[in-house]
Amino acid sequence: MEPVDSHLFLIVGAALFSIGLAVVLVKRHVIVVLMGIELMLNGVNINLVAFSQYDPDRLQGQMLALFVMVVAAAESAVALAIVLQVYRHFRTAQLDELNELKQ
């Protein structure tokens, strides 16, 4: 089996990061914004693993990607708990309608 070129991984990682960034900038629903952030983190993880193939003796890229996945899971759990509390209080999950702190 022939190895896949690393530039394909970089293209996929850049595409995932770009799609996630566009979702974060365009959408106003809190859950969708969180999904965009997760897409961006997964794009970064793909790039970390792709670049780590140039140093096969060390597993720094893979270990950092694993650490990012663990932190992302914890971030998602905390963010969903905050979103749930905000929804219970304001009865909305739209970011544009949450303006009580601005006043």
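I looked up how α1 and α2 pack: the angle is about 160°, and their axes are 7 Å apart. The axes are lines fitted to C-alpha atoms, for helices over the stretch in contact, and angles run from 0 to 180 degrees between N-to-C directions. That makes α1 roughly antiparallel to α2 (the term covers angles over 145 degrees). This is a predicted model, where local features need pLDDT of at least 70, side-chain atom pairs count only at pLDDT 80 or more, and totals for chains, interfaces and linings use all residues. Side-chain values use heavy atoms, with hydrogens and water left out, and residues are numbered from 1 along each chain as its sequence is written.

Next I checked α2 itself. Helix α2 (a DSSP run of H or I, at least four residues) covers residues 30-52 and has 23 residues. From first C-alpha to last, α2 reaches 33 Å, close to the 33 Å expected at 1.5 Å a residue (1.5 Å times one less than the number of residues).

Which residues of α2 are buried? I noted V30, V33, L34, G36, M40, G43, N45, A50 and S52; buried means under 20% relative accessible area, with a 1.4 Å probe and protein chains only. These buried residues pack against α1 (6-26) and α3.

Then I turned to T92, in the segment after α3 (60-90). T92 is buried, because its relative accessible area is 10%. Its side chain makes a polar contact with the side chain of E97 at 2.7 Å (a pair of N or O atoms within 3.5 Å, one able to donate a hydrogen and the other to accept it; residues adjacent in sequence count only if both atoms are side-chain atoms). Leaving aside neighbours within four places in sequence, I found T92 in contact (heavy atoms within 4.5 Å) with V86, Y87, E97 and L98.

Technical notes:
Helix = DSSP H or I, 4+ residues; strand = E, 2+ residues; numbered from the N terminus. Buried < 20%, exposed > 50% of the residue type's maximum accessible area, 1.4 Å probe, protein only. Parallel < 35°, antiparallel > 145°, perpendicular 65-115°, else oblique.
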